[in-house]
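Trainee: I have a new model open on the screen. Please show me how to read it.

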Amino acid sequence: MADVDPYPPFQEYAHPERLVSAPWLSARLGIKGLRVIEVDEDSLLYDIGHIPTATRINFRTELLSPLTRDFIDGKEFTALMRDKGINADDTIVLYGDKSNWWAAYALWVFTLFGHKDVRLLDGGRNAWMAEERDTSFMVPDFPVSEYPEVSRDDSVLRAFVDQVRESEGALVDTRSPEEFAGEATEHDPNGDSAYGTTMRHGHIPGAINLEWDRSNYPNSCFRSAEELKVNYGMLEPESATILYSHVGAQAAHTWFVLTHLLGFTKTQVYDGSWSEWGNMVKMPIER
């Protein structure tokens, strides 16, 4: 396990060990036991330059099941980790485009499978490139690992549609105000027309709209702890909170903020999100 980034602003967060800065990572690239993984919405970005030593994981083709609307199972996750040369005691640093949307989603999935030390690069790919730090075209080749067989635990951090319908806690829609209001957008996180992925537009009854990007500065880095407390002040840290977006990526980003930066203890992601709710027969919506 790698040391914790001592960057002073991080120490104000509930779990500073879950975040690393670009200078911290740059100084440690290549050390044994530290693995850097890029997870993008646009998986082709990796090919035009990535953080040296970084491995790519394609969320859609490698973390999602090809046969069900679900993630890969424990056996498949174990095989993926072994193939990528990742060990159970490795410190994993995830980063990506879109202010770490999909990297945060991947971090949430890694957490479901119980990987102990998985962190996010503050600012993601955007910040690294903006600072003109070193990049590489080399695809690293790691020997196959002996990652132990694991199983996925959905019971604590994941919510399903029946739980959403029965929940008496806070329900948070992390999409844009336009999507929340029921306006079909030109594109969605899958890169398709919003009309092509959901039959109806609006939000789940009772949900409040807290757009995911209220947690970030324009440079994609996270806002200070004090600013985050203000921006999410309408939520109770000890109360049940369910987050959703279009397919789950933005919701997972907000889950990271609430759980690891603000110390919320009962936050779940409804990854079925609007792509499921908006297509279900007889499911109520609001606009």
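Mentor: Start with the ground rules. This is a predicted model, where local features need pLDDT of at least 70, side-chain atom pairs count only at pLDDT 80 or more, and totals for chains, interfaces and linings use all residues. Residues are numbered from 1 along each chain as its sequence is written, and side-chain values use heavy atoms, with hydrogens and water left out.

Trainee: Which domains does the domain assignment give for the chain?

Mentor: Domain bounds come from an automatic or database domain assignment. Here that gives domain 1 (8–131) and domain 2 (161–278). Their centres, taken over C-alpha atoms, are 21 Å apart.

Trainee: How many residues of domain 1 are in contact with domain 2?

Mentor: Contact means heavy atoms within 4.5 Å. By that rule, 25 residues of domain 1 touch 29 residues of domain 2.

Trainee: What area do domain 1 and domain 2 bury between them?

Mentor: Buried area is the accessible area (1.4 Å probe) that two parts lose on being put together, summed over both. For domain 1 and domain 2 the value is about 2300 Å², with 63% of it on carbon and sulfur atoms. Tyr13, Trp101 and Trp108 supply 29% of the area that domain 1 buries against domain 2, more than any other three residues.

Trainee: How many residue pairs are in polar contact between domain 1 and domain 2?

Mentor: A polar contact is a pair of N or O atoms within 3.5 Å; within protein, one must be able to donate a hydrogen and the other to accept it, and residues adjacent in sequence count only if both atoms are side-chain atoms. Between domain 1 and domain 2 there are eleven such residue pairs, both residues at pLDDT 80 or more.

Trainee: Which elements give two or more residues to the side of domain 1 that touches domain 2?

Mentor: Helices (H or I, at least four residues) and strands (E, at least two) are DSSP runs, numbered from the N terminus. The elements in question are helix 4 (101–112) and helix 5 (124–130). Helix 4 gives the largest share, seven residues.

Trainee: Now the sheets. What is the strand order in the open sheet of five strands?

Mentor: Strands of a sheet pair through backbone hydrogen bonds, either parallel or antiparallel. Two strands pair if DSSP finds at least two bridges between them. The order here is 1-5-4-2-3, with parallel pairing. Strand 1 (19–20) and strand 3 (55–56) are the edge strands, each pairing on one side only. Strand 2 (residues 34–38) pairs with strand 3 over two bridges. Glu38 stands opposite Arg56 in strand 3.

Trainee: Why is one side of strand 7 and of strand 9 left without a neighbour in the sheet?

Mentor: These strands belong to an open sheet of four, in the order 7-6-8-9, with parallel pairing. Strand 7 (208–209) and strand 9 (267–269) stand at the edges with a single partner strand each, so one side of each has no neighbour in the sheet. Four bridges join strand 6 (residues 170–173) to strand 8, and Ala170 has Thr241 as its bridge partner in strand 8. Strand 8 (residues 241–244) pairs with strand 9 over three bridges, where Leu243 partners Val269. Strand 6 and strand 7 share two bridges, and Val172 partners Ile208 there.

Trainee: How many salt bridges does a search of the whole structure find?

Mentor: A salt bridge is a side-chain nitrogen of Lys or Arg within 4 Å of a carboxyl oxygen of Asp or Glu. The search finds 15. Glu41 forms one with Lys98, with the closest N and O atoms 3.9 Å apart. Glu41 is in the loop between strand 2 and strand 3, and Lys98 is in the loop between strand 4 (91–95) and helix 4, 57 residues apart. Across the interface of domain 1 and domain 2, the rule finds zero.

Trainee: Where is Asn231 found?

Mentor: Asn231 is in helix 9 (residues 225–231). Leaving aside neighbours within four places in sequence, Asn231 is in contact with Arg214 and Arg223.
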